[in-house]
Amino acid sequence: MVGVRRRFALADTAQQVVGGFLLAGPFVVTEEVWVLARSMSFAQALLTLCIVLAVGYGALYKADDRDPDREREVGGIPVRFISLISVSYLSVFILALAFDAPGTFLSDVSGQSLVTVLGYEVDLAVLRITLKATSVGAVFSVIGAATADSLF
């Protein structure tokens with residue numbers, strides 16, 4: 001059984017949130033990230049996902065003395081890892097929306113496909129670029145989230 005100190009708890013998610021938001025912020029408001037996201041292909045976005053997964057797993061289970069086989073799981077995936085990846089992506093996405101980064105950096109983008117979500121019209125071209133920018137920011141956010149989880 002995992003020791004009391006190493007058992008995953010809500011406090012661990014809170015630590016991940018602090019670390020994830022801390023490193024996500026600068027990348028959300030940097031124009032170069034949004035320029036990169038515009039030119040990224042779908043394959044490159046998938047590659048950033050793989051990088052986030054690899055860095056997150058390595059930081060949690062290879063750089064620390066945790067054993068993923070001894071942690072609570074959902075569908076065979078450790079809950080701590082699910083939390084880490086969720087925090088890494090959501091912290092970037094939430095900050096992007098809170099700072100209106102898509103409206104600032106993508107004001108000239110207009111796609112043909114608009115969908116209505118909760119009463120708001122969402123331009124799918126803007127959403128596509130925003131998700132790519134989120135994947136770029138998550139590469140750095142996962143480092144902050146995993147570090148905060150491991151240190152405290």
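User: Which residues does the UniProt annotation "transmembrane region" cover?

Analyst: Start with the record, then turn to the coordinates. The unreviewed UniProt entry places "transmembrane region" at residues 9-29, 41-60 and 81-99. Such annotations may be inferred rather than shown by experiment. The coordinates here are a predicted model.

User: How do I set an annotated segment against the model? What is the helix content over residues 9-29?

Analyst: Look at secondary structure and end-to-end distance together. Residues 9-29 are 90% helix and 0% strand. Their end C-alpha atoms lie 31 Å apart.

User: And how far apart are the end C-alpha atoms over residues 81-99?

Analyst: The distance is 27 Å for residues 81-99. That stretch is 95% helix, with 0% strand.

User: Now the whole chain. How many helices and strands does the secondary structure come to?

Analyst: Count the elements, then read their order. The chain has six helices and four strands. Along the sequence they run α-α-α-β-β-α-α-β-β-α.

User: What about extent and burial?

Analyst: The C-alpha trace spans about 55 × 30 × 25 Å along them. For burial, the cut-off is under 20% relative accessible area. Of the 152 residues in the chain, 43% are buried.

User: Which atoms make up the surface, and where do the charges sit?

Analyst: Accessible surface totals about 8600 Å², and carbon and sulfur atoms contribute 68% of that. For charges, compare mean positions. The chain has 11 positive and 14 negative charges, with mean positions 8 Å apart.

Terms used:
Residues are numbered from 1 along each chain as its sequence is written. This is a predicted model: local features need pLDDT of at least 70, side-chain atom pairs count only at pLDDT 80 or more; totals for chains, interfaces and linings use all residues. Side-chain values use heavy atoms; hydrogens and water are left out. Helices (H or I, at least four residues) and strands (E, at least two) are DSSP runs, numbered from the N terminus. Buried means under 20% relative accessible area, exposed over 50%, partly exposed in between (1.4 Å probe, protein chains only). Accessible areas come from the Shrake-Rupley method with a 1.4 Å probe; for residues, only the protein chains shown count as cover. Lys and Arg count as positive and Asp and Glu as negative; His and the chain ends are not counted. The place of a charge is taken as NZ of Lys, CZ of Arg, CG of Asp or CD of Glu.
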